[in-house]
Amino acid sequence: MNDDQLLRYSRHILLPELGVEGQEAISRGRVLVVGAGGLGSPAAMYLASAGVGEIVLCDGDTVDLTNLQRQLLHVESSLGLNKAVSGRESLGRINPLVHVQAIESRLEAEQLLSLVGDVDVVLDCTDNFATRHAINRACVRQRKPLVSGAAVRFDGQLTVFDLRRDDQPCYHCLFPEGEDVAEMRCAVTGIFAPLTGIIGAMQAAEALKLLASCGASVAGRLLVLEGLSMRWREIRYGRDPGCAVCSGQKN
């Protein structure tokens with residue numbers, strides 16, 4: 001790192017758990033953020049400010065007025081722009097040292113698999129089960145850690161699936177595909193704006209710890225936030241030996 005980088009990231013470098021080596025690992029890191037909305041906005045902003053080397057930001061939607069209540073990557077001048085493009089512009093203002101690749105479409109299976117294979121950590125910042133399961137399948141096949149967040153109404157969730165390890169569960173182990181699970185979308189149910197900031201920032205924190213190999217991730221623990229009472233619950237979960245997605249990948 002040069003003198004400007006040492007100064008920019010000095011508050012990280014002062015942390016003994018990170019230091020220069022940890023910051024250099026972050027600066028070499030490549031992170032895929034799927035979704036540039038409520039969760040993806042704070043997650044990507046903290047990843048950029050922390051100096052992640054490359055952020056691949058994916059979103060096929062365009063910015064509309066209802067997004068501005070919580071999706072901090074976007075402003076009124078972004079209305080009508082693709083969210084990944086708008087996000088790239090905002091992240092460039094936060095930290096021009098970070099390379100941001102904008103993917104302006106919904107990811108098909110093979111493209112998703114390729115992108116996952118090229119990064120170190122994947123953040124699922126989406127809002128529907130079909131996409132979540134597709135991301136999980138790609139991460140299982142490529143053995144990449146997946147940081148999963150969710151937020152709707154006043155409730156949030158966070159967990160990590162460290163798919164580099166043979167003994168770790170995947171998203172399908174916790175939320176099996178095809179089960180009769182009600183899918184709540186914020187466009188219908190509403191969402192408390194700061195909730196996405198809380199969960200998205202925590203996704204960034206978990207990703208940075210994974211890149212720097214410091215601390216302990218929340219793998220195997222589902223953190224559930226009840227925002228109205230501001231109470232956290234922790235639910236421990238394990239690998240399903242009969243999982244249709246990961247059981248054949250791990251022996």
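Colleague: Let's start with Arg 153: where does it lie?

Modeller: Arg 153 sits in the loop between strands S5 and S6. Helices (H or I, at least four residues) and strands (E, at least two) are DSSP runs, counted from the N terminus. Before we go on: this is a predicted model, so local features need pLDDT of at least 70 and side-chain atom pairs count only at pLDDT 80 or more, while totals for chains, interfaces and linings use all residues. Residues are numbered from 1 along each chain as its sequence is written, and side-chain values use heavy atoms, with hydrogens and water left out.

Colleague: Good to know. What phi does Arg 153 have?

Modeller: A positive one, about 55°, although Arg 153 is not a glycine. The hairpin of S5 and S6 has 2 residues between the strands.

Colleague: And is Arg 153 buried, partly exposed or exposed?

Modeller: Arg 153 is partly exposed, with a relative accessible area of 47%. Buried is under 20% relative accessible area, exposed is over 50%, and partly exposed is in between (1.4 Å probe, protein chains only).

Colleague: Which other non-glycine residue has a positive phi?

Modeller: Met 230 is one, with phi near 50°. Met 230 is found in the loop between strand S7 (221-226) and S8.

Colleague: How many residues of S5 are buried?

Modeller: Of its 7 residues, 5 are buried, so to speak mostly covered, over the stretch 146-152.

Colleague: What about S4 and S5, parallel or antiparallel?

Modeller: S4 (residues 121-124) pairs with S5 in the parallel sense, over 3 bridges. Leu 123 is opposite Val 147 there. Helix H7 (residues 129-142) comes with them: S4, H7 and S5 make a right-handed β-α-β unit. Right-handed here is the case where, with the strands pointing away from the viewer, the path from the first strand over the helix to the second runs clockwise.

Colleague: Let's zoom out. In what order do the strands form the sheet?

Modeller: The sheet is open, has 8 strands with mixed pairing, and reads S3-S2-S1-S4-S5-S6-S7-S8. S3 (99-103) and S8 (231-236) are the edge strands, each pairing on one side only.

Colleague: Which strands does H6 touch?

Modeller: Helix H6 (residues 109-117) packs on the sheet against S1, S2, S3 and S4, and its direction makes about 145° with that of S1. H7 packs on the sheet too, touching S1, S4 and S5, at about 170° to the direction of S5. Touching, or contact, is heavy atoms within 4.5 Å; axes are lines fitted to C-alpha atoms, for helices over the stretch in contact, and angles run from 0 to 180 degrees between N-to-C directions.

Colleague: Why do you call S1 largely enclosed?

Modeller: S1 is largely enclosed by the rest of the structure because 4 of its 5 residues are buried. S1 pairs in parallel with S2 over 5 bridges, where Arg 30 has Glu 54 as its partner. S1 also runs parallel to S4, joined by 4 bridges, with Val 33 opposite Leu 123.

Colleague: Last one: what is Lys 209 in contact with?

Modeller: Setting aside neighbours within four places in sequence, Lys 209 contacts Cys 214, Ala 216 and Ser 217. Lys 209 belongs to H10 and counts as partly exposed, at 24% relative accessibility.

Definitions and conventions: Two strands pair if DSSP finds at least two bridges between them.
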